[in-house]
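Please consider the structure shown here together with its sequence. The paragraphs that follow lead from the chain as a whole to its sheets and then to single residues.

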Amino acid sequence: MAMHPSRSCFSVLVVVYLLQCKLFFVHCILNPLDFLALQSVRKSLDDMPGSNFFASWDFTSDPCNFAGVYCESDRVIALNLGDPRAGSPGLIGRLDPAIGKLSALTELSVVPGRIMGSLPQSISQLKDLRFLAVSRNFLSGGIPATLGQLRSLKTLDLSYNQLTGDIPRSIGTIPGLSNVILSHNHISGSIPPFLSETLTRLELKHNELSGYISPASLPPSLQYLSLSWNRLSGPVDLLLSRLDRLNYLDLSMNQLSGCIPSRIFTFPITNLQLQRNSFSGPVQPGGQVTIPTVDLSYNRLSGGISPLFSTVQSLYLNNNRFTGQIPGSFADRLLDASIQILYLQHNYLTGMQINPTVEIPLSSSLCLQYNCMVPPIQTPCPLKAGKEKTRPTGQCNEWRG
């Protein structure tokens, strides 16, 4: 019976491997298929100048002692390519498809470097893979839809590359995903539904994502959500009302609209970033806001400023359409240095009850420029606030009318 050519070739390679073991008196414990895959990986990559990661990769010795190679029994279970120390120049080259032959692999990472080309489709063959991180390189092309076959995957980090195309819907169906980090690429299209009930971190900032985010597309398990610097649009009030475990939220620099739900101000968030969108309507927290930093600037928010915001340490409400008097509690909190930043410039506010002779603590910043009032006290404003102290009367009358 004739032998299949690929099997014949592999048989020859295995014989060469075993002869090599005898020739160099090496104790060959590694599975031959893994040994050959590591050889292919090595041939496709090199150290950048100043890196010596591959110095230990001498194939006349036991590969399980190579830098970044971790074995269990006779199989490679983890492959961490490159020196993880800060400032290390990293590796250059391409990821060889032979990586897919390391069938026992549970962890694959490539630290910052100049890895180019596409992510090999063969990675989808690694059925036990739980951790995949190839970030801060120069990967291009699309995210393979076949990654959805990695049903054991917990962490997917392809951030800081040059990936294009959309996020395959198949990735959202992986049942145990915990971390998805695809930020700083050129990914477009909409955000697919994520079905994992253990997803805690979703980071998609600095891409070209667009469209409406379905209220049911993200699970309530999320604790960290970063979607800034995209082109997302539509309301998110129903979505945000479900995500009550969030401790970090950044939706800034999009085209999101509609109201901001009052419930969001009760979430255990340390930094709420909703700036530079098209949110509109009044903002009324349900209780005293304990979030240290709240940025709602550059939106279309209107109505009065709630005194419940006076407990925020850094509050950015500038460049909106807020009207009326600034609650007295803000002046009190400013004077006792509880407020560090209070930016209210470029609104339609009509006054603030504060003694013009008082001195704002040096640790606090207040800006009231370009409102419907003469600022009662003069304090430094950011340069982009402009030089005009008050808004033209005609604009103020038109807004009141």
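Accessible areas come from the Shrake-Rupley method with a 1.4 Å probe, and for residues only the protein chains shown count as cover. On this basis the accessible surface of the protein chain comes to about 18100 Å², and 54% of that surface belongs to carbon and sulfur atoms. The model is a predicted one, in which local features need pLDDT of at least 70 and side-chain atom pairs count only at pLDDT 80 or more, while totals for chains, interfaces and linings use all residues. Residues are numbered from 1 along each chain as its sequence is written, and side-chain values use heavy atoms, with hydrogens and water left out.

The overall form of the chain comes next. Taken along the principal axes, the C-alpha atoms of the protein chain fill a box of roughly 95 × 40 × 30 Å. The radius of gyration, which is taken over C-alpha atoms, may be set against a globule rule of 2.2 Å times the number of residues to the power 0.38. For a compact globule of 401 residues the value would be near 21 Å, but the protein chain has 28 Å. A residue is called buried under 20% relative accessible area, exposed over 50%, and partly exposed in between (1.4 Å probe, protein chains only). By this division, 50% of the 401 residues of the protein chain count as buried. A contact means heavy atoms within 4.5 Å. Among the contacts in the protein chain with a separation of 6 or more, 41% are between residues 24 or more positions apart.

For charges, Lys and Arg count as positive and Asp and Glu as negative, whereas His and the chain ends are not counted. The place of a charge is taken as NZ of Lys, CZ of Arg, CG of Asp or CD of Glu. The protein chain has 30 positive and 25 negative side chains, and 5 Å separates the centres of the two sets.

How many helices and strands does the protein chain have? There are six helices and 27 strands. Helices (H or I, at least four residues) and strands (E, at least two) are DSSP runs, numbered from the N terminus. Two strands pair if DSSP finds at least two bridges between them.

Eight strands form an open sheet with parallel pairing, in the order 12-14-16-18-20-22-24-26. Strand 12 (188-189) and strand 26 (348-352) stand at the edges of this sheet; each has a single partner strand, so one side of each is left without a neighbour in the sheet. Within the sheet, strand 16 (residues 231-235) pairs in the parallel sense with strand 18 (residues 255-258) over three bridges, and Ser-233 stands opposite Gln-255 in strand 18. Strand 18 is in turn joined by two bridges to strand 20 (residues 278-281), the two running parallel; here Gly-258 stands opposite Phe-279. Strand 24 (residues 321-326) and strand 26 are a parallel pair with four bridges, in which Gln-325 stands opposite Gly-351.

Strand 3 is joined to strand 5 (residues 107-110) by four bridges and runs parallel to it, with Asn-80 opposite Ser-109. Strand 5 also pairs in the parallel sense with strand 7 (residues 131-134), over four bridges, and Ser-109 stands opposite Ala-133 there.

Ala-78 belongs to strand 3 (residues 75-81). Is Ala-78 buried or exposed? Because its relative accessible area is 9%, Ala-78 counts as buried. Leaving aside residues up to four places away in sequence, Ala-78 touches Gly-68, Val-69, Tyr-70, Leu-105 and Glu-107. Ala-78 and Ile-354 are 276 residues apart along the chain, and their C-alpha atoms are separated by 63 Å.

Ser-73, in the loop between strand 2 (69-72) and strand 3, has a positive phi of about 60° although it is not a glycine. Ser-73 is exposed, with a relative accessible area of 64%. Tyr-298, in the loop between strand 21 (293-295) and strand 22 (300-303), likewise has a positive phi, near 55°, but Tyr-298 is partly exposed at 23% relative accessible area. Pro-361 lies in the loop between strand 26 and strand 27 (365-367).
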